[in-house]
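Open your viewer, colour by chain, and keep the selection panel handy. We will walk through the model one selection at a time.

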Amino acid sequence: MSLFNNLAGILGKLSLKQFPHDPLTMFGAGLIVLVPIVIIAILTVTKRWRWLYREWLTTQDPKRIGIMYIIVAIAMGLRGLSDVLLIRTQQAISVGSSQGILSASHFQQIVSAHGTIMIFFVAMGLMFGIINLIVPLQIGARDVAFPFLNATSFWLFFSGMVLINLSLVIGDFSAAGWLAYPPLSELKYSPTVGVDYWIWSLEIAGVGSLLAGINFLVTILKMRVKGMSLMKMPMFCWSVLGSMFLVAFAFPILTVALTLLAFDRDLGTHFFTSGGGGNMMMYVNLIWAWGHPEVYILVLPAFGVFSEVVSAFSRKKLFGYTSMVWAIWAIVFLSFIVWLHHFFTMGAGSNVNAFFGIMTMIIAVPTGVKLFNWLFTMYRGKLDLKTPLLWFIAFAVVFTIGGMAGVLMAVPPIDFQLHNSLFLVAHFHMMIVGGVVFGYFAGITYWFPKFFGFKLNERLGRYAFWCWLIGFLLAFIPLYILGFMGATRRLNHYSASLGWQPLFVVAGIGAVVIAVGVGFQFLQLIFSILQRHQNTSGDDPWDARSLEWSLPTPVPFYNYARLPAVTERDAFWIAKRTHQIDTREYEPIELPRNTPLSMIIGVSILIFAFAIVWHIWWLAAVGLLAAVVIIIRSMDENTTYTISANEVMKLDKLYREGEV
Amino acid sequence: MTKIRKKLVLSLFIVIVLIISGDYLSRVSIPVLEPKGVIADQEFRLLIIITLIMLIVVVPVFFLLAFIVWRYRDDNNHRGKYTPDWDHSRLIEGIWWGIPTLLIIVVAIITWKATYALNPYKPIASQNPTITIQVVSMDWKWLFIYPKQHIATINYIEFPVNYPVHFYITSDAPMNSFWLPQLSGQIYAMAGMQTQLYLMANVKGTFIGRSANISGIGFAGMQFSAVAVNANTFKSWVRRTSDSPETLSLSEYKKLQKPSLYVPVRFFSRPVVGLFNAVINQYMTPESQAIKL
Amino acid sequence: MAAEIEIHNTNRLIESYDRDATTILGFWVYLMTDCVLFASLFAVFAVLRNNTFGGPSGATLFSLPYVLAETFSLLTSSFTCGLAVLSAQRGNKKHTIFWFGVTFLLGLIFLIMEISEFHKFVKMGDSWQRSGFLSSYFTLVGTHGLHITIGLIWIAVMCVYVYKRGIGQTTLKRIRMLSLFWHFLDVVWIFIFTVVYLFGALHA
């Protein structure tokens, strides 16, 4: 017995009791455990471990890192989606005497996990995935500014993802909502490890994002090919620049807010506690000082994707380029002075509320300008109504409705009536799904052939699109009405007399229709892979405009054999018209060597965070490994290799002839 | 033929959906859109005005989008002009920087005025005296104290119609949000702090209020009824409640502090004097961490 | 793919863009994010500075002469760090290591003084658990101290690096970044000294 106690001490708060017991959680946990086991088994049977290690796990190539980001994001999207189906089922049936399928605590954990996962591991994952894939290509660079840092960012993101999913298997997750307001998230009211999982998962992923933000900011500022002045960049790069600028300014605030909350829970400080001289309102301010810019961090690159897609599929120059740039920077600036609109109801004075309300509605102007510019890019164009453009049209409709709801809530007295209601939930889903997710779907469909050599099946893509759009409207229009009916968010139960059930049922049907749409997307992917030989699409399948389309497909690992000469916007479009591509000579190319160190940093930080969550203090020392790795790396002068100009020429020929 | 049939089926479907939803919406209460108090009423009007102003931009956007997609789609009967290099126009861009800016200025002026007019801390002018109610959000119920009437209730309030009601709100639990949508917007309830809210019902009736901010597993059950009645009915209710055998002593309050779910309505007579301030003060200094009176 | 290609390992730098300038810019951006981090902690301190919850305030805790000594030690280390950079620019290996050694020592003195001050407060029962004010005090000053610790490790590693590799272009670039970092910590300390200690003492 004493041995057992000792063991228990060594393992901190961890014990067998922490593994799931109820059937639903066991099923979820089983899945989380099973998926890696299946993957490991497949890799072992097909003898792919070496390949995986050499080509992917140790890679420093942003194109591969981008694909890994997107794979993780898709997997997490499925997890987020299954959360949605549980939430919608619960709310559709948990009326009156029925308590539904989930306990209150379990329901709230799922709601919190859904928000956290969708923002941090799906939206951010898709965003950094696409940025990694596209930005270096569009600016005519062969790499990012700090490739090792870039790989480390990915592995931190990955570790955060693993940690949040571990919470399903060992212990529990936060039930305090996706932003975990204290004092609910303090030890007094949330004594289990749930909130700690939340904190550390976001802390790790957040630091990863911050480093990636710095990296791409510098990449865009410093590594553009000669001739590409800022005002000649593709609009996607401008959007990413704005977004990464926000990352650099906003994510340190998240780090502070999370760390202080962790101090409150683990060290007994009084930052946000009720009592002890803490101030919970300060947390709300800090978290939204990050949280509001975060929305624009996600949506600006999606806007950038739309700029590319609308222009390419209208076969017309982007309308109002200068306006677009100004609009981006207006949004970047304004997004830092609106955070208080997330809590008009906290009792601030009229002058404060009115100021933040007005600043918020001003954002509608540059956003509106962007929308009009896209519309006028289409005007007098030749619209090729393929799925990427369809996603844009759906975005334009949904985002406008959601934006209108947003301006309504920017008026403080109206917000008093809509805050924390399902109206708000409908609003931000219309912005984030309609804006961000639709944008990244458009981007993936658009750029997919560049990296894989074949297009995604158009017909299945359309089925997926229509399911998504119809399901989306079915799922969220009822929530607007429910908000007016006084339904608040995160309710695991409500009384039958309120008459809400029919609308919740409709919303549930909407979620199912979206799930069918997701099913079509997977079918689309599988079908397209099976038919890839019939559907090879060449280097420039859309007759597009920016530099990435000038490269052979798949894109060589060094990107550009010869650096392109840029004199104007839409450089490739111009080059195609004037038949002048590649005027520079071949030159030796220096590229980073693969290294497992980024992965080792990620894993050691993961173990460190897991140890902190469970108070296994000796294990936390593993985190020091990360520091050792960084020092070792700094001593290594042999981190790059060079391909001679001659080799580059030979390789280029092979790539151009499709021999590689 | 089939095309026409398809269209017929589709329009029939739409009509049926419209009828069903119209019928549903006419039978269910939509508190935010059916205000029964002066504050909620003004908030509702504001909502309508701002919506209408925004439609000035939104409706043209939808028409423009539909028109452009229809006219410039690239199929066999493509008729629109094609100008691949036309990429800016000072005039047109000026219009869509300018008109939305003007609209936002209008909305901003309305917002500025409305935010002051509808400040929840602002007293409501009335020839009737103001009723004061102290609100404590607890795990997981609402405690209401009527300091002048010397009564207290759980998850239930009553007040006379056309009398301003002044709420002082705090929390002895995680953050909650006090929301009575048919009478006024919400405000947070936070431990160690006090927020305020004025409202006034101008119609008799029973209205549902709830917490709008997640506060733990009993959050969904934090629902209360607010009943607006005649002044006389209110008086007799106060009298009846004053006779309640249950009194809200300090020890009774400590029992209430224990978490409980879906708590039924309760009535207390003679709440201990100064309870509300003591609840706030317990978070302010170490000496008073236990409630002291 | 990459395996089939003959790879030539050279140390020749290929200038499709200026790598050193890029790295330095990256470091500046990092410092800016660190600035935001400290700014947030300062904001937290400003909010909580009067929340003493019956515990001691800054005026009763802080001893200005002690903090002044700490400050003097750190400011001098900034100066010697500058001397180290100058030596490195002249390519003088020995002097570079010497001046970094002095910087390290002064930084260490600063750190030890800070830790012993913390220790004293904790022993008196005025730890970070005592009040919101003390939580924010320990966190703000402690975060700076953590940065100093990292800086000390960096200086030590840099000395080894200079000793083993000499002073080349890469080393010089890294020395420049290290000195940026060290000066940055100096600036942050000036703010801490003013906002936390000076205002804290004046507030009485």
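Start by selecting chains A and C together: about 4,200 Å² is buried between them, with carbon and sulfur atoms giving 67% of that area. Buried area here is the accessible area, for a 1.4 Å probe, that two parts lose on being put together, summed over both. This is a predicted model, in which local features need pLDDT of at least 70 and side-chain atom pairs count only at pLDDT 80 or more, while totals for chains, interfaces and linings use all residues. Residues are numbered from 1 along each chain as its sequence is written, chains are lettered from A and ligands numbered from 1 in the order in which they are written, and side-chain values use heavy atoms, leaving out hydrogens and water.

Now show the residues in contact (heavy atoms within 4.5 Å): 53 from chain A and 46 from chain C. Two salt bridges cross this interface, a salt bridge being a side-chain nitrogen of Lys or Arg within 4 Å of a carboxyl oxygen of Asp or Glu. Zoom in on one of them, E590(A) with R19(C), where the closest N and O atoms are 3.8 Å apart. Which helix supplies the largest share of the side of chain A that touches chain C? Select α8(A), which gives eight residues. Helices are DSSP runs of H or I, at least four residues, numbered from the N terminus.

Next, pick α1 of chain C, residues 19-48. From first C-alpha to last, this helix reaches 44 Å, close to the 44 Å expected at 1.5 Å a residue; the expected span is 1.5 Å times one less than the number of residues. At its N-terminal end, look for the cap: a side-chain oxygen of D18(C) lies 3.3 Å from the backbone nitrogen of D20(C).

Switch to chains A and B. Here 96 residues of chain A are in contact with 85 of chain B, and the buried area is about 7,900 Å², 72% of it from carbon and sulfur atoms. The count of salt bridges is one: find R315(A) and D74(B), with their closest N and O atoms 2.9 Å apart. Then highlight α12(A), residues 364-378, the source of the largest share of the side of chain A that touches chain B, 10 residues.

Finish on α2(B), residues 38-72, which reaches 50 Å. Where is its kink centred? Centre the view on L55(B), where the kink is about 40 degrees; the bend is the angle between axes fitted to the seven residues ending there and the seven starting there.

How values were computed:
Helix = DSSP H or I, 4+ residues; strand = E, 2+ residues; numbered from the N terminus. Polar contact = N/O pair within 3.5 Å; in protein donor to acceptor, adjacent residues only side chain to side chain.
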